[in-house]
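Please open the model in your viewer and keep the selection panel at hand.

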Amino acid sequence: MAERYKRYESKGLRTNLPTLSFAADKALSQGYSQIGSLLDQMSSIFNKRATDTAKIEGAEYGALNAPTKQQILDAQSSGTDIALPGDKTTVFGKAARNSALLIASDNITHQAKVKISEIILNAKRNKTDPREVVLQLDSLVDGFASSIEQDSPATSKKLRASIGIYANAEYKSYTSSF
């Protein structure tokens, strides 16, 4: 008789075992997940607003505290670096530094061009030897570009190039008339 019935053979009876469903716990879990997601979104929105505010306030601070023309001339004549506001670590500090650096760069370029024009005018009046003029121009370019080299080597190189191009054009026009 054991041969007729296999050990686990189904006899066609189905039994439905009740399953436990923790619907309340699932609903709570989904609710907490949604709350967490919304809190993350709120946090990122507030963080972005705070960052934007810090950038604006830093740029304004940097513009108000950028080196003056006199400080730039003093730094150029003494061979020291100019002091820039801000730092390289905070959002506010970076924005202040970048703003002051941009304004200082424009002021340095302007002051250098004025000085280059003075050198060329004096050279034309005194009929100065072009070798003397080129030494004065090189010295001036180096002085202005090095005044910001410690704070921003990239800006210093950019200034050296732009001021150098202007000085070269003025020198070329001077030598053609000489």
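Is Arg131 exposed or buried at its relative accessibility? Select Arg131: at 62% relative accessibility it counts as exposed, where exposed means over 50% relative accessible area, buried under 20% and partly exposed in between (1.4 Å probe, protein chains only). This is a predicted model, in which local features need pLDDT of at least 70 and side-chain atom pairs count only at pLDDT 80 or more, while totals for chains, interfaces and linings use all residues. Residues are numbered from 1 along each chain as its sequence is written, and side-chain values use heavy atoms, leaving out hydrogens and water.

Asp129 is partly exposed at 32%. The structure holds three salt bridges.

Next, select Asp142 and Arg160, whose closest N and O atoms are 2.5 Å apart in a salt bridge. Asp142 lies in helix α4 and Arg160 in helix α5, so the pair ties together parts 18 residues apart in sequence. Helices here are DSSP runs (H or I, at least four residues), numbered from the N terminus.

Now display α4 (residues 130-146). Its buried residues include Val133, Leu137 and Phe144, and the buried residues of α4 pack against α2 (69-78), α3 (91-126) and α5 (153-177), contact being heavy atoms within 4.5 Å.

Finally, move to helix α1 (residues 23-64), where Lys48 and Asp52 lie four residues apart. Their salt bridge has its closest N and O atoms 3.2 Å apart. Lys48 is exposed at 52%, whereas Asp52 is partly exposed at 31%.

Terms used: Helix = DSSP H or I, 4+ residues; strand = E, 2+ residues; numbered from the N terminus. Expected span 1.5 Å × (residues − 1). Salt bridge = Lys/Arg side-chain N within 4 Å of Asp/Glu carboxyl O.
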